[in-house]
Amino acid sequence: LEHSKVKLQIMPQNISVEVRKGSILLEGIKEAGINIAASCGGQGVCGRCMVKIVDGKIQPEVDTILTEKERSEGYCLSCLAIVDGDVTVHIPAASVLENQAVLVDTHGDDIDRKIEVGHWKINPCVKRIHMKLPEPTLEDCISDLDRLKRGMSSDSVPYEKIHCGVNILKKLGGVLRDGEWEVTVTLMETSNWFEIVDIRQGDHREHIYGLAIDVGTTSIVVFLIDLVSGKKVGVASSYNKQAECGDDVITRMVYSQKKGGLEKLQSLVIGTINELTDKLLEEHKVSVENVDAVCFAGNTTMSHLLLGMNPKSIRQDPYIPGATHFPVFRPSDIELNINPFGLGYCLPCISSYVGGDITAGVLRSEIHKKEELTLLIDIGTNGEIVLGNKDWMMAASCSAGPAFEGGGVKNGMRAMNGAIEKVKEGENGEPICSAIGNEKPCGVCGSGIIDAISFLFLQGMIDGKGKIRTEKENKRVRDVDGILEYVLVFEEETAEGTGDIVLTEADIDNIIRAKGAIYAGFSVLLEEVGLTFNEIERFLIAGGLGNYLNIESAINIGLLPDIGVEKFHYIGNSSVMGAQLSLLSKNLMEEAEEIANSLTNLELSVKPVFMDKYMQALFIPNTNMNEFPSVQKAVEERG
Ligand code: FES
């Protein structure tokens, strides 16, 4: 009814929309086209969707997140607030997803160079073959299909291994005659046969492209690759639109069980990919029909959601995925806007919580080919770890929780513009904070929090348990409602509407638990194979957090082992690079399948020793100080 509509004004974007009276404020904000963070998927438990009511009426639901002070200042959780009349809201910069910096850093990206020097051969499993076939005569009167197969068969493409589906048969005669017997066939090579996936009249060999895609829980990165030269033509990225249904894989799995939830999650991720693809194709003037293949790498849940598979059992004891190796598919099966007759491929996963992104990471960093003992980690809400070399490999995952992505931290946020990513000690012993994009800070992301805790610990401002020391007077330390906090940046220097940026004892505690889980994961994996940290020769860090992470700070707080900073290497987004390799080479695609088969998954949660190691690690840097000699030395030097 017309009279039930009210006006919702959104600041600072200055957008106004009409919404139904009684609707949820978060939904209204989304309707206005603002993508607001909703980490818990609207359950009222994460606090990310906080907005300030500047004017007008809402009915706030009781929540357990906001402080009295915040409430009295007009803040509310938009996922719980009901619009009751005309209302004007202000959305803090930290809550808008568009501001998010997406990791497209392909640090150490030597794939293009390796192609140039012929390190491996470009041999994608989708190819185009151009032919001018002889016209049929009364003497040469074999069928159209036999004529085509005869024309394309060779030593490397044996006649008897060429297959053709009914959809191609239906148009074959027309295409051959309309094109006066000059055609281009798109051929897909599998381990056993060659399948004709498309046929077109004329010569279409020149421009063939493929997409390599990292389907991350947080962000999606698409590479447009020239399948002839192997070169990367363009890159596009954005946050994964599934974020509106929750931040982490667990929340998404919960969402997928709602009515229509699975379909919505699939269409949101495909929608994000199609938007990025359209943008890339337009920018580089590539037509949809010339994109013949797509190769995805994602964690196990994301791979399931991408293909529309129900991820329910991944979450339930005994944590079984629907599949770890996925059949190849047609892009049209999942409504991707590329050549519908092309090839779709998902890199295989290892277990429910060690996914295709890790298989891609191994493929890209060649752990499976090298002598040296390597540990690879991707730190997100889950720490996914691979340890091994060319003779053996083991994988494990440990749940770190959302703290490294800013969740459960009062002023925490993802790595996006305005997030404090570095904290250094200034000459006067005061913290110097720098934010991504050189902007005024509006919160602090994982690497900034790790830096800050390392700074506070070395300064003696916090003890090994993460408790803030109050013996000495310090203008940055204060007690708010019985919780001690340290002010990293005072309001005057923060972005408008942010207030002071603080680190509370509860925040520090969350980080200690997160880093404890990851360090315990490393320790148990090593112990399982009878090795020690010092035997690790290469320590590779992949993924978003690694981009900004200061290795020394991570060692100081006990997240990474104290084995010398020179052993650590940041390898960028190895997920998309692994996808690129599989896209370009059939052999590497097969290698990815072998990697996933040969990786032994260690279920950490069933190991009693995991709990012991975890308890030991709930201390900065660790209860066992002997494992952190350089930190011990630094502490002693400071007295
Ligand atoms: S509290 Fe609103 S989305 Fe999490």
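Mentor: A residue is called exposed when its relative accessible area is over 50% and buried when that area is under 20%, with partly exposed in between. Please keep in mind throughout that this is a predicted model.

Trainee: With that cut-off, is lysine 633 buried or exposed?

Mentor: Lysine 633 has a relative accessibility of 52%, so it counts as exposed, and glutamate 637, at 61%, counts as exposed as well. The side chains of these two residues meet in a salt bridge, with an N to O distance of 3.8 Å, and both lie in helix H18 (residues 629-638), four residues apart, which is about one turn of the helix.

Trainee: What is the general idea behind such a pair, and how many salt bridges are there?

Mentor: Side chains of opposite charge can pair when their charged atoms come close. In this model the count comes to 33 salt bridges, and those that share partners join Glu27, Lys30, Glu244 and Lys264 into one network.

Trainee: Which parts does the salt bridge between glutamate 189 and lysine 586 tie together?

Mentor: Those side chains meet at 3.6 Å, N to O. Glutamate 189 belongs to strand S8 (residues 182-189) and lysine 586 to helix H16 (residues 586-598), so the pair ties together parts that are 397 residues apart in sequence. Lysine 586 is buried, with a relative accessible area of 10%.

Trainee: Where do glutamate 485 and lysine 410 lie?

Mentor: Glutamate 485 is in strand S22 (residues 483-489), whereas lysine 410 is in the loop between strand S17 (393-399) and strand S18 (419-425), so their pairing connects parts that are 75 residues apart in sequence. Their salt bridge has an N to O distance of 3.7 Å; glutamate 485 is buried at 2% relative accessible area, while lysine 410, at 43%, counts as partly exposed.

Trainee: Turning to the sheet, in what order do the five strands stand?

Mentor: Strands of a sheet pair through backbone hydrogen bonds, either parallel or antiparallel. Here the five strands form an open sheet in the order S12-S11-S10-S13-S14, with mixed pairing. Strand S12 (232-239) and strand S14 (343-346) are at the edges and have a single partner strand each, so one side of each is left without a neighbour in the sheet. From one strand to the next, the twist averages 15 degrees.

Trainee: How many bridges join S10 to S11, and which helices lie across the sheet strands?

Mentor: Strand S10 (residues 209-215) and strand S11 (residues 219-226) run antiparallel and are joined by seven bridges, including the one that partners alanine 212 with phenylalanine 223 in S11. Helix H7 (residues 261-283) lies across S10, S11, S12 and S13, at about 140 degrees to S12, and helix H15 (residues 574-584) lies across S10, S11, S12, S13 and S14, at about 150 degrees to S10.

Definitions and conventions
Residues numbered from 1 in each chain as written. Predicted model: local features only at pLDDT ≥ 70, side-chain atom pairs only at ≥ 80, totals over all residues. Heavy atoms only, no water. Pairing = 2+ DSSP bridges. Helix = DSSP H or I, 4+ residues; strand = E, 2+ residues; numbered from the N terminus. Axes fitted to C-alpha atoms, helices over the stretch in contact; angles between N-to-C directions. Contact = heavy atoms within 4.5 Å. Salt bridge = Lys/Arg side-chain N within 4 Å of Asp/Glu carboxyl O. Buried < 20%, exposed > 50% of the residue type's maximum accessible area, 1.4 Å probe, protein only.
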